[in-house]
Amino acid sequence: MATEQSQVLELFEKPFRGPSGGSISFPTGEGIGTRIGTGARPPPELGYATSLQRGRVFSVFIRAHRRAARSLCEYFMRARNIGELTSLANACRNLVNEQLFIYCLSFVIIRKPELRRVRIPTVVETFPSKFASQEMLQQAGNEINRNPARTEPIVINQEFSGTLIKPEHRLSYWREDYGINSHHWHWHLVFPVEMDIRRDRKGEIFYYMHQQMLARYDMERLSHSLNRVLPLTGFREPIVDGYFSKLTVNNSGRAWGTRQDNTTLKDIRRDDFGLGFISISDLELYYSRLLDAVHQGFIQDRQGNRIPLTDGPPNRGKRGIDILGDAFEADAELSVNYPFYGDLHNFAHVLISFSHDPDFAHREEVGAIGDPATSMRDPTFYRLHKFVDEFFQEYKLQQRPYNNEELGLPGVRVVRIGVLQDGVPNNLRTGWNQREFEAGRGLDFGGSAPIRLRFTHLDHRPFDYHLQIMNTLPAEKDVTVRIFLAPTLDERGNRMSFMDQRLLWTEMDKFVTKLTPGENKLVRSSRDSSITAPPEITFRELEAGREITSGTQAGVEFGQCGCGWPRHMLLPRGMPQGMDFQLFVMLTDHAVDKVEQVIRGRPCTNAVSYCGILDSKFPDARPMGFPFDRRNPAMINGNVIQTAGELAAQFDNMVMEDIKITFVGNQLQRA
Ligand code: CUO
């Protein structure tokens, strides 16, 4: 295993090295890229894999790039062990785009059961230039060369990409967080588009995971007294926020495209990226057709069959939200009618990412929003995804509200809930912490001494949920515990209606437990959250430049583990003076929630709520986001329901509790 691990690390080592690593030449109209390599013809089994230029961006949002990825992944999938994978990889590493190469290596290690136990290096280590500027990395490399005993890391502070002149910049530490961006890169790797992968409820999880990221972003905005993010209202209005990432797409210093404030989107013709002509009118047409489907209650497949869109229990097929997610994202293999409903979400990323140079007049690179590893850095990502989410919400609001039977759990009463952190009840503290990464693996300059990156990030001390539950049933009962968090007040300091607060509820945890008859006291650690990926399995632990390996996870299939919200970002920042939040806890009947299946091997089951379980069904039969994915019932037992609190008051199996979140800045570690 140790040898396998070191062989894998070798494959991920210095992706930009090689005879042409990092050098750029531009196409002159002969297809989508100029092949650079040894001069030999690439083996035919590489298919489209050599169609992308080396030294440039590989983006899963671009269909021609997905086609190249499909070819290279199929080529690598022949490997039966790490030794064979190494041979195949070494035979082509100088012929294919570097980022495509790493994507497909990662893809194959995750997909092949016999390779799953090896740990893929995180994207921060493999491509540090997606997280730190070339200037910083080069300087550190030079200093290491001058003085190999140098131990100072490169420090990335919160004014890395801009200054506080713009209010939006208050959130840059969140948008540019290494864990959030790594999660997003990994999520798109384990839910790939057009890669012949049939993951359970993929369209629905596309909707839900992105909706939850927006809810978390909005909680963070409210923590800074900023309004919730506004959606793009279409593709004709100027894009309000510019973005200048300060990053490079390779180690030779080629910069990502940038975008000025108030840039107007244009039709795209970027043959250098394998994009034919993409017009804004096309996107509008796709959007209008998808919206028609929502309002008509059915979507039409290629044969003209009408497929009803409903979120009721799926009989033979999928829920409506799942169908719409696949059609909107879009995945040509899963969309009910790709030519008709198009490639809306992916095209929207592309349109924005080339808005600074839509026709290649300036020979500029794609913008950061064009790559899942960097897109969450750009403020416009959230406006784009709010636009996407509004579409899904338009559909969700067509569904009938949940009824008493779906919401209640007779015989089970939640008596009390609360949180305890360092002995303090219901007041959670957040603050700054730091983490270091070894960047040398991803750099082809510098010596053998480690080059370390030090990021300052939001964090909190672990805390516990305490639940007091009464089971009045005569027998044991398996229940699903669902824990959510939302801000109590809106931008103006007013309490929110159910409908206003509905999209702010963020899932904090979801787990199954057995209640004994009578009183039950549960304690659950925040470290076990169903949305987070523990850092010790996703990021290598570094201590003074030395890798620490934890022996506690032996045998776990690591590949999927990189997907998951970073644990350090579980809580919103809150405010220095304390900010009001509400916890909502709901118990549901596990007999209704459970999904029958046999899970083989030791799959990574962290972050199940956002990432599912590899090669298994999503382990909760309810619609994702339940019970906040639909509008509230207008009335229950003769009582009008207008707030989440009024809903909880009608059911014994639900309870709400007021808590505070206090931001203590640099005092966090001194608790
Ligand atoms: Cu994750 Cu648009 O889907 O970025």
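**Close-up views of a predicted model**

**View 1. Strand β12, residues 506-515, is a mostly covered strand, with 8 of its 10 residues buried.** Buried here means under 20% relative accessible area with a 1.4 Å probe, protein chains only. This is a predicted model, where local features need pLDDT of at least 70, side-chain atom pairs count only at pLDDT 80 or more, and totals for chains, interfaces and linings use all residues. Residues are numbered from 1 along each chain as its sequence is written, and side-chain values use heavy atoms, with hydrogens and water left out.

**View 2. Strand β11 (residues 477-487) pairs with β12 in the antiparallel sense, over 9 bridges.** Strands are DSSP runs of E, at least two residues, and helices are runs of H or I, at least four, numbered from the N terminus. Two strands pair if DSSP finds at least two bridges between them. Look for Leu 485, whose bridge partner in β12 is Thr 506.

**View 3. Helix α11 (residues 320-329) is mostly covered, with 10 of its 10 residues buried.** Among them are Asp 322, Asp 326 and Glu 329.

**View 4. The axes of α11 and helix α14 (residues 379-396) come within 11 Å and cross at roughly 150°.** Axes are lines fitted to C-alpha atoms, for helices over the stretch in contact, with angles from 0 to 180 degrees between N-to-C directions. The two helices, α11 and α14, are therefore roughly antiparallel, a label for angles over 145 degrees.

**View 5. Residues of α11 meet residues of α14, with contact meaning heavy atoms within 4.5 Å.** On the α11 side are Gly 320, Ile 321, Leu 324, Gly 325 and Phe 328, and the α14 residues include Phe 387, Phe 391 and Tyr 395.

Note on methods:
Buried < 20%, exposed > 50% of the residue type's maximum accessible area, 1.4 Å probe, protein only. Parallel < 35°, antiparallel > 145°, perpendicular 65-115°, else oblique.
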